[in-house]
Amino acid sequence: MTNDISSTLQTAWGRFRDSTSWLGEPLRAAWREKRWFRIGGYLVGFGLVMTLLGWIFLTRDLPDAETLLDYEPNLPTVVRGVDGEIVHRYERERRIELQFKDFPEQLMNAYISAEDETFWTHGGIDAGGFINAVIDYVSKMGSDERAVGGSTITQQVAKNILVGNEYSVTRKLREMILATRIEGILSKEEIITLYLNEIPLGRRSHGVQAASLAYFDKDVGDLELHEMAYLAILPRAPEVYSREANFETARARRNLVLDQMEDNGFITVAERDAAKARPLGIVQGQRRERFADAGYFLEEVRRELIERFGEEAEDGPNSVYAGGLWVRTSLDTELQDAARDSLRAAMLRYHGNRGWEGPIATINPDNGDLTEQLRSSYLSINYQNWRVGVITARSGASATIGFADGVEAPLTDFADAVKVGDVVAASPNGNSWRLRTVPTVSGGFLAMAPDTGRVLAMQGGFDSRLGSFNRAVQANRQPGSTVKPFVYATGLENGMTPASMIPDEQYCYYQGANLGEHCFTNFGGERGGGEYPMRYGLEQSKNLMTVHIAMDSGMENVVDTFERVGLAEEGAYDPLPAIALGAGDTTVEKMTAAYAMLVNHGRLNDPTVIDYVQDRHGRVIWRADERECTGCNMDEWDGEPMPRFGRRGRQVLDARTAFQTVHMLTGVVQRGTAVRLRSLDMPLFGKTGTSSGPTNAWFVGGSPDIVAGTYLGFDQPRNMGGWIQGGNTAAPIFRQFVEETRDHWSGRPFIAPRGVRMVRVDRRTGRRVFDAWPTDDPLAPVIWEAFKPDTEPRRNQRQDEIDAMRELIIAQLRRQRDGAFDRTNQGEREDFAEEQGGIY
């Protein structure tokens, strides 16, 4: 570095000497004879050297202005729902990038009038403004007051993006140098676009569009003149002018900007006066985003995005909080609201009149102001008019509750156990607040499209604002009888049929020398008796019949089925009979996906919450559906059939077995343990489940359109009460969900795949029926049953039917012999084919 400076100085001196050679002798004489001349020369030389060194110091690590050509600001990730509407943003700062053409002209004029009147003509530095800034700086030296910056819009772009906001002369000089370079690289339109997109304007807003939404709850294109002028005053002191206590000061400053706009010819006097007469019109408090109430779903989306793309800017160009991603999800807000409301209603219904069950959380008063601690905890609730607060005082029969905004009020109707530091829910009660209880029982709910695996709704507890633990995907619970359909599917794949007779008798097996013999019973300890068709065992959730099917099929095969359909990882379940009754752990998500597989003819789709992700430029950088469509992008039609996507998912179960299982599960709704859903009057299938204790109550099921799963239980499993069953506790959750979303259910029937024969059978005996037809009565003795080819019941006929046929044949022979047989009336009876078993 020193050698470079020395070489530069020598070169400069040589050029100077050559250009002034004609003055050489007089100057040399003056240098020899006049001392003041030598001193002046030394001072000039010293000044030049210091100027050069100062220039080198200021520019040695100055950012390259050309980086602004490719500059991309940190942008939030925008999340859209299944209908394309924005449902959420992941953001540290509010920032919405606009193009130059999107900014209203008067908004730009307001900022130019307030910040840089010569913007369109200067080269990066306004000399007059700079001189005023220097004078102001000198006058305020030694005080704590910050001097006026005097920066042009170009300088502010340099400061905000490249230099930083350090308060020093050095920073100001570097900013000026960089501003002149920026003017040589970017057009004025590009500079003001960067400025209006980047300028910090308070309320965590960066850029005018984000600020317009934060202060006025409207887009910049909808702003009125007085609102534009207000936004233009914010760059100087956003946190001051946005406070209610300073609104008069803000109004005076806004009116000054309006005066400047009129002086500059941007508005008329009438427009100025009309705008001055208007109030500020600022939206008070925190702007309430009109986003979906889907915290559990959106947190699952965020987690997956972070895992795939990173969280912050340093993690990559497509990070969640800086990359400006556009994410299309499968979230259906109507279904989500119904899922939330249905699960909450069940929790409150179970809680009943049990009274207060304890605080949501506890804050230590020794750690400082309780309301400040509550604010930093981010605990809140979105239910009716409830709010989350903290007990700030308690004295005998009186107590005070404080909220995150610092407001405190009396608390009435509270439990004796309430103490200072308890975080509780409360609702307004006149001039005071009343204690409310968030149920300690919890649960999960998940709904998905069976043909794609797209998750449509997800609720993982009472409210995600009270805790992020998502019981729909993270809670491992015993599913109870909801696993039985997959035991029955294993039986169907190992030689059984829906009409196979299964003993409903006590089953005992030897567990080893230490544990001895264990005997199973039905629900409630009932030991059963007799034999029944397989269908009956599933409809009535018979434990003994299920164990017999599992053991006859082989528990290893049952566990293999569980693993294939995704209920458990390989090796997670031991091949023990209790596993066939739901003793192993699984999640709502896995169980719902497995039931969706049954509807989807045995093809399992992994559940997805994200359809695809686009970068800030609109390019698709990831999609869940990885199927290729060969020929979809042809320039011209080649005359061949239209290209088609292949089916999604992987085949994990025989399609016929899957349909047989679904067909039996429709009986669970029609006359089994989920019969309370029958009045919904649409094709539905499903299964209830109640784990030992009971500690969990389940229901999983749906239609060809939507499959949903839900459970209710305590986070630390404990007995919920002897009356709890899946049918009376979990099935009503699904029922309410359907009732609130009727327009999402088409009512289309379940379609059988190729190779399934529908045969009339007696549902109580499993025998084939030839002389009766199924009816709409769910309790009718004759039903259609689904069989694989050559597995239907044998065509046995009663003796009286044979005798009747014999008499008919004899009568026909007699008429033919007597010449009375009329060939014009010849023909088969309408039910002849049925009698012969020709129609299935």
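In this predicted model, the charged end of arginine 92 lies over the ring of tyrosine 321, at 3.7 Å from the centre of that ring. A second contact of this kind involves arginine 344, whose charged end sits over the ring of phenylalanine 462, 5.0 Å from its centre.

Aromatic rings also meet one another. A pair of aromatic rings is described by two quantities, the distance of the centres and the angle of the planes. Over the whole structure, a search finds 21 aromatic pairs. One of them joins tyrosine 532 and tyrosine 536: the ring centres are 4.6 Å apart and the planes stand at 25°, so this pair is stacked.

Another pair has an edge-to-face arrangement: phenylalanine 734 and tryptophan 745 are 5.9 Å apart from centre to centre, with 85° between their planes. This pair links distant parts of the chain, since phenylalanine 734 belongs to helix α23 (residues 726-739), whereas tryptophan 745 lies in the loop between α23 and β25 (757-762), 11 residues apart. Phenylalanine 734 is buried, because its relative accessible area is 1%. Tryptophan 745 has a relative accessibility of 7%, so this residue also counts as buried.

The description now turns to strands. Strand β12 covers residues 441-448 and pairs with β13 in the antiparallel sense over 4 bridges. Within this pairing, leucine 446 stands opposite methionine 458 of β13. The hairpin of β12 and β13 has 6 residues between the strands, and glycine 453 takes a positive phi near 85° there. How many of the residues of strand β13 are buried? In β13 (residues 455-459), 5 of the 5 residues are buried, which means that the strand is largely enclosed by the rest of the structure. In a regular strand, side chains alternate between the two faces of the sheet.

Helix α4, formed by residues 105-115, is mostly covered, with 9 of its 11 residues buried. Among the buried residues of α4 are Leu107, Met108, Tyr111 and Ile112, together with Asn109, Ser113 and Glu115. In an α-helix there are 3.6 residues a turn, so residues three or four places apart point the same way.

Note on methods
Residues are numbered from 1 along each chain as its sequence is written. This is a predicted model: local features need pLDDT of at least 70, side-chain atom pairs count only at pLDDT 80 or more; totals for chains, interfaces and linings use all residues. Side-chain values use heavy atoms; hydrogens and water are left out. Rings of Phe, Tyr and Trp (its six-membered ring) pair if their centres lie within 6.5 Å; planes under 30 degrees apart count as stacked, over 60 as edge-to-face and the rest as tilted. Helices (H or I, at least four residues) and strands (E, at least two) are DSSP runs, numbered from the N terminus. Buried means under 20% relative accessible area, exposed over 50%, partly exposed in between (1.4 Å probe, protein chains only). A charge sits over a ring if NZ of Lys or CZ of Arg is within 6 Å of the ring centre and within 35 degrees of the ring normal. Two strands pair if DSSP finds at least two bridges between them.
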